[in-house]
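User: I should like to learn how to read a structural model feature by feature. Please give the general idea each time, and then the case at hand.

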Amino acid sequence: MRLTLWIDCFISNIMRKSCSFSIFETILQQHSKTVEEFLGAILSASTRNGEITRPARLLAAVRYGVFNGGKRLRPFLLMESAALFNTKSKPAVAVAAALECVHCYSLIHDDLPAMDDDGLRRGKPTVHRAFDEAMAILAGDALLTLAFDILSDEANGLSAEIRSTLVLSLARASGIGGMVGGQALDIAAEKKKLDEREIIMLQLMKTGALLRFACEAGAILANASIDDCARLAEFGKAIGFAFQLTDDLLDVREDTAILGKTAGKDVIAGKATLVALHGVEWISQQLDGLIAEANEILQPYGRKADVLRQAALFISHRRN
Ligand code: GRG
C-alpha cells in the first residue's frame, strides 16, 4: 500500500473513534435549509405555468414525504462539488432540490407494501400509512416528474446544453440501468442468493447511482472540464459504496429508534449483504480503503475539498 494511502487509513481510523464533524455538520445544515426553502416554495399550492390545479391531498402527501427530517446528504454533496469550481449557488440549489425529489420519491415507493412494506421512515409513519397506498404511489410519481421539471426549467439559470446533460445523467442514474434497476435486483435477491460481484453491482445501482450523480452533477453544472467531471463521478462512486456498506453495518448494529426505520430487515429477509458474507471487520477495512481512495481522488482540489473529505468520513461513520 502506498505510504499516503496508509497514512490516510491511519488518520481515518483515529477519526472513526474520536471524530467530530462540526464544519461538515454546519454546512450540511446550511445547505439543507436552502434546499428546503427552494422545495417549500416549489411545493406550494400555487400552480406553475402549464399546470391546471394541485390537488390538496396529493400535495399534502408529497410534502409529508419530503419534509420529514431527511439528512439532505445528496443536495449537500452536489452543492459542495459545485462549490469546488466557484460556481454560482442558485443553479446548484435547483439541481440539488431536483435530486432530493428523486431520492424522496424512491424512499416513498421503497416503503410501499409491494416493495419493502415498511411502516417507519425517518422516525415517522411512512407516506402510505399516514395517507394511503394510492396517494403514496402518486406522491412518488409527482416527485419524480417534478425533478425533471426543475432540471429542464430555464429559471434555474443554466444553459440549455447543461440542462439537457443533467436531465440525461439523472435519468440514467435513476432509471432502468440505475436506481430502479437496482431495486429490481434487490427484490429478485429475496429468492436467489447473490455472490459478492452481484451484491456490489446491486448496491452500485440501487444506492450508488444517485450519490455518484450528486457529485458528478456539481461538476457538470459548474461547466467543469471532462476530467473534473470524471473525477467527481469517481469520488461519488467511492462514497456511494461506503454509504451502502455503512447501511449494511447499521442494519445489524443499530436499533430501530436510532435508525428511524425498521432495523434488522436484511437479516430477517435472509438477504445476502457484504456484512453477512464477510463480517463486520472486513467491512471496516473496506470503509478505510474507500475513505483513502476518496481522499486521493480529491487531491487536485487541495484544502478546498476539505468539507467533501469530512463528508466521506461522516458517510462511513453515520448512525442513521
Ligand atoms: C422504489 C424506485 C425505488 C427505488 C428504491 C434507494 C432505494 C431504491 C431504496 C431505499 C432503501 C434503502 C433504505 C436503501 C439504503 C440506502 C438509502 C438510500 C438510505 C436512505 O438514504 P439517507 O440515509 O436518507 O440519505 P435520508 O432519510 O437522510 O434522506
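User: Which helix gives the most to the lining of the largest cavity?

Analyst: A cavity is a set of points on a 1 Å grid over the protein atoms alone where a 1.4 Å probe fits but cannot get out, and lining residues have an atom within 4 Å of a point. Helices (H or I, at least four residues) and strands (E, at least two) are DSSP runs, numbered from the N terminus. Here H5 gives the most to the lining of the largest cavity, with 3 residues, and H3 and H5 each supply at least two. This is a predicted model, in which local features need pLDDT of at least 70 and side-chain atom pairs count only at pLDDT 80 or more, whereas totals for chains, interfaces and linings use all residues. Residues are numbered from 1 along each chain as its sequence is written, and side-chain values use heavy atoms, with hydrogens and water left out.

User: How many cavities of 30 Å³ or more are there, and what lines the largest cavity?

Analyst: A volume is the space filled by probe spheres set on the grid points, which are joined across faces, edges and corners. The count comes to 1 cavity of 30 Å³ or more, and the largest cavity has a volume of about 60 Å³. Its lining consists of Tyr64, Gly65, Asn68, Cys104, Leu107, Ile108, Asp111, Arg121, Arg122, Pro125, Thr126 and Val127.

User: What does isoleucine 42 touch beyond its neighbours in sequence?

Analyst: Contact means heavy atoms within 4.5 Å. Not counting residues up to four places away in sequence, isoleucine 42 touches Arg48, Arg54, Leu146 and Ile150. Isoleucine 42 belongs to helix H2 (residues 22-42) and counts as buried, at 8% relative accessibility. The C-alpha atoms of isoleucine 42 and isoleucine 150 are separated by 9.1 Å, although the two residues are 108 residues apart along the chain.

User: How should I read a helix such as H8, and which of its residues are buried?

Analyst: The expected span of a helix is 1.5 Å times one less than its number of residues. For the 15 residues of helix H8 (residues 160-174) this gives 21 Å, and the end C-alpha atoms are 21 Å apart, which agrees. The buried residues of H8 are Ile162, Arg163, Leu166, Ser169, Leu170, Ala173 and Ser174. Seen down the axis of H8, these residues fall within an arc of 130° (taken from the directions from the helix axis to the C-beta atoms), so they line one face of the helix. An α-helix has 3.6 residues a turn, so residues three or four places apart point the same way. The face of H8 turned away from the buried side carries the exposed residues Ala160, Glu161 and Arg172. The buried residues pack against helix H5 (89-110), helix H7 (133-152), helix H9 (179-188) and helix H10 (196-221).

User: Which residues touch the most other members of the largest nonpolar core?

Analyst: A nonpolar core is a set of buried Ala, Val, Leu, Ile, Met, Phe, Trp, Tyr and Cys residues joined through side-chain atoms within 4.5 Å. Of the 94 residues in the largest such core, Leu77, Leu78, Leu166, Leu221 and Phe235 touch the most other members. The largest share of this core, 13 residues, comes from H5. H5 is mostly covered, with 20 of its 22 residues buried. Leaving aside neighbours within four places in sequence, leucine 77 is in contact with Leu211, Ala214, Cys215, Ile239, Leu308, Ala311 and Ile315.

Terms used: Buried < 20%, exposed > 50% of the residue type's maximum accessible area, 1.4 Å probe, protein only. 1 Å grid on protein atoms, 1.4 Å probe; cavity = no way out; pocket = protein on both sides within 12 Å on 5 of 7 lines; lining within 4 Å.
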